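Here is a short briefing on one protein chain. Read it with the sequence and the coordinates open.

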Amino acid sequence: MHGSALRRPSGPTQGRENARPFYEALFADLAESSVTPGKRLYGDNFIVDDSVAKFKAVGRPFGLEGKGRTVEARLLHIVEFTNDGTIQRENVWIDMAALMQQLPPGA
């Protein structure tokens, strides 16, 4: 992921080695996940994937208290590739409003 940036509340992260801790922490908070594809568009050097993720929130995904609740949220994933097929840039958006409704504080 040379040149790619991962943007989080703590700021952007560039490079595979710097993105790894974020993804390791995120996936530690999730269990029994599945993704249902929606629409997928692609071209020579890109893919756009619109899907719905379902997972059990066992930790604190995105800072929300999971308490083992199962949630669903829409994902939009855009990946750009170099000519040799290496990921050049990756962006993922998740419907945080849906997650916040399903994981309200104190519930």
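Phe 46 counts as partly exposed, at 38% relative accessibility. Here buried means under 20% relative accessible area, exposed means over 50%, and partly exposed lies in between (1.4 Å probe, protein chains only). The model is predicted: local features need pLDDT of at least 70, side-chain atom pairs count only at pLDDT 80 or more, and totals for chains, interfaces and linings use all residues. Residues are numbered from 1 along each chain as its sequence is written, and side-chain values use heavy atoms, with hydrogens and water left out.

**Phe 46**
- Phe 46 sits in strand β4. Strands (E, at least two residues) and helices (H or I, at least four) are DSSP runs, numbered from the N terminus.
- Neighbours within four places in sequence aside, Phe 46 is in contact with Leu 41, Val 79, Glu 80 and Phe 81. Contact means heavy atoms within 4.5 Å.
- Phe 46 and Phe 81 are 35 residues apart along the chain, yet their C-alpha atoms are separated by 5.9 Å.

**The sheet**
- An open sheet is formed by 4 strands, in the order β3-β4-β5-β6, with antiparallel pairing. Two strands pair if DSSP finds at least two bridges between them.
- At the edges are β3 (30–43) and β6 (87–94), and each pairs on one side only.
- From one strand to the next, the twist averages 20°. Axes are lines fitted to C-alpha atoms, for helices over the stretch in contact, and angles run from 0 to 180 degrees between N-to-C directions.
- The antiparallel pairing of β4 and β5 runs over 12 bridges.
- Val 48 stands opposite Ile 78 in β5.

**Asp 50 and Arg 74**
- Asp 50 also belongs to strand β4. Asp 50 is buried, with a relative accessible area of 18%.
- Arg 74, by contrast, counts as exposed at 51% relative accessibility.
- The two side chains meet in a salt bridge, 2.5 Å from N to O. The link joins distant parts of the chain: Arg 74 lies in strand β5 (residues 69–81) and Asp 50 in strand β4 (residues 46–57), 24 residues apart.
- The rule for a salt bridge is a side-chain nitrogen of Lys or Arg within 4 Å of a carboxyl oxygen of Asp or Glu.
- Not counting residues up to four places away in sequence, Asp 50 touches Pro 37, Gly 38, Lys 39, Arg 74, Leu 75 and Leu 76.

**Other salt bridges**
- How many salt bridges are there by this rule? The count comes to 5.
- Side chains of opposite charge can pair when their charged atoms come close.
- Glu 65 bridges to Arg 60, with the closest N and O atoms 2.8 Å apart. Glu 65 is partly exposed at 33% relative accessibility, and Arg 60 is partly exposed at 44%.
- Arg 89 and Glu 80 form a salt bridge at 3.8 Å, N to O. Arg 89 is partly exposed, with a relative accessible area of 41%. Glu 80 is partly exposed too, at 30%.

**Confidence**
- The protein chain averages a pLDDT of 86, and 88% of the residues score at least 70. pLDDT is the predictor's confidence in each residue, from 0 to 100.
- Where is confidence lowest, and where is it highest? The lowest mean is 48, in strand β1 (residues 5–8), and the highest is 96, in β4.
- Over residues 1–7 the pLDDT is below 50, and this stretch has 26 contacts in the model beyond near neighbours in sequence.
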